[in-house]
Amino acid sequence: MQATPRPSVQGLSERDRHELLKEARAVLAPPARRLFLRHGMTLGGLAMLGGCSVTDSDEAEQLLMKVSRFNDRVQGWLFDPARLAPTYAADRITRPFPFNAYYAESEAPVVDGTTYRLQVGGRVARKEPWSLAQLAALPQEEQITRHICVEGWSAIGRWGGVPFAAFLQRIGADTGARYVGFKCADDYFTSIDMPTALHPQTLLVLSYDGQTLPRKYGFPMKLRMPTKLGYKNPKHIVELYVTNDYPGGYWEDQGYNWFGGS
Amino acid sequence: MSQLASTAATPLAAPGPATVQPAWVRATHWLNVLAVLLLVASGWRIYNASPIFDFKFPRELTLGGWLGGALLWHFAAMWLLALNGLVYLAANIASGRLRRRFWPLSPRALLADFVAALRGRLAHDDLSQYNAVQKLAYLGAIALLVLVVLSGLAVWKSVQLPLLRELMGGFDNARVVHFVAMSGIVAFVVVHVVMVALVPRTLLLMIRGR
């Protein structure tokens with residue numbers, strides 16, 4: 001199975017088309033983007049349901065969002081904190097590992113590693129920021145796992161870094177809180193549930209395939225969770241915080257499922 | 001004419017034709033139609049985000065507007081398909097209807113009815129009995145719906161449901177199984193609708209039960 005989608009007949013590769021779309025969405029103001037059901041809605045064979053009126057309504061959108069929140073709870077219940085995602089041999093790694101973001105690879109943020117500090121906040125006891133050298137001095141782990149994109153493709157990669165549960169312990173995080181939120185250098189943001197944050201395969205990633213995490217994969221740091229879809233794995237993290245207030249996320253606020261587990 | 005009108009007006013006095021499709025069959029059938037339409041149309045939009053094969057579905061035939069919208073529809077309608085399907089199977093088994101209407105199904109009867117169907121000589125005078133080809137087609141549709149749900153679960157929860165994931169041949173292959181099962185269901189629907197158009201009384205049967 002190819003991880004990189006094939007070029008389409010129009011000449012643009014699927015990935016290019018996605019990037020164009022993602023850029024277009026980024027240009028639109030968030031409230032306009034939120035109304036995802038109103039734009040370009042086509043029902044085709046469902047005309048019998050009364051044309052598009054059924055799906056044009058706020059009620060339909062609200063109902064779908066309610067089901068999505070229900071699906072969050074179902075997934076939280078299905079999530080087994082001890083269940084590990086499959087790991088793979090090094091020869092299964094997808095090369096090249098695909099770049100994926102809502103912008104083009106050339107627009108990935110440039111972060112100065114020497115002045116970089118990871119900010120930690122919210123319900124944590126020790127809020128001192130962390131330099132890359134301090135993080136690199138912590139015990140590290142590696143994993144070769146499958147990254148599954150919400151679009152459907154998947155790719156196997158090799159990530160290394162600090163087990164996130166150990167890091168949360170170290171900063172004195174309130175692990176009874178509900179969420180960990182992330183803010184990124186590219187203005188991306190997302191949040192995860194505490195059980196997933198404490199999962200043994202959740203890594204604060206500093207390296208990819210044995211090298212310092214490159215810019216295109218999220219330098220200086222990303223969170224890697226093989227138990228969650230790609231958009232839940234934030235790159236270029238500059239701040240993380242522990243909270244009981246639902247923080248949402250860049251894609252989640254537009255309609256992607258918040259739990260996003262696999 | 002007056003005679004016709006009087007028999008139609010007094011269904012209680014003189015028992016009309018027996019109910020061939022009970023209310024629960026009709027209700028679950030039409031709810032299933034809705035669920036399959038929503039899931040196929042939104043599924044095609046999800047497929048288009050990262051096609052497995054060298055084609056995409058025409059945008060006009062898809063539901064959701066963009067990937068996020070399509071996913072919302074898909075992961076809402078999946079509950080309708082699964083719960084409605086469970087009600088259908090439970091009632092079918094508990095009432096003995098499954099056995100009554102689908103048993104026996106012999107290869108010989110299947111071959112005879114298939115040849116008759118191709119020649120356009122299949123009798124439709126007794127719609128309370130399925131012919132062998134119908135039996136196979138409906139059982140096949142049920143099996144495909146079960147497969148589409150199981151492969152869908154393997155795609156959705158590939159980490160949490162390792163047994164299902166391995167049964168489907170891994171995450172990527174589960175997508176292919178899901179696609180193939182969808183294709184089988186769509187093929188069934190096409191043939192099914194053509195057959196109903198050829199014997200329109202069956203449509204009435206599925207609406208009013210007789």
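Select Leu38(B): beyond its neighbours within four places in sequence, it is in contact with Leu63(B), Trp73(B) and Ala77(B) (contact: C-beta atoms, placed from the backbone, within 7 Å). The model is predicted, so local features need pLDDT of at least 70 and side-chain atom pairs count only at pLDDT 80 or more, while totals for chains, interfaces and linings use all residues. Residues are numbered from 1 along each chain as its sequence is written, and chains are lettered from A and ligands numbered from 1 in the order in which they are written.

With Leu38(B), Trp73(B) and Ala77(B), they have the most contacts inside the largest nonpolar core, of 34 residues. A nonpolar core is a set of buried Ala, Val, Leu, Ile, Met, Phe, Trp, Tyr and Cys residues joined through C-beta atoms within 7 Å; buried means 20 or more other C-beta atoms within 10 Å of the residue's own. Colour helices 2 (23-49), 3 (67-94), 6 (132-156) and 8 (171-198) of chain B: each supplies at least two residues of this core. Helices are DSSP runs of H or I, at least four residues, and strands are runs of E, at least two, numbered from the N terminus.

Move to chain A. Trp159(A), Phe164(A), Tyr179(A) and Phe182(A) are among the 30 residues of a second, separate core.

From Tyr179(A), look across to Thr243(A), which stands opposite in strand 9. Strands 4 (179-184) and 9 (237-243) of chain A pair in the antiparallel sense over six bridges; pairing requires at least two DSSP bridges. Show the whole open sheet, order 1-9-4-5, with mixed pairing. Strands 1 (119-122) and 5 (189-193) of chain A each have a single partner strand, so one side of each lacks a neighbour in the sheet.

Definitions and conventions
Buried ≥ 20, exposed ≤ 12 C-beta atoms within 10 Å, placed from the backbone. Contact = placed C-beta atoms within 7 Å.
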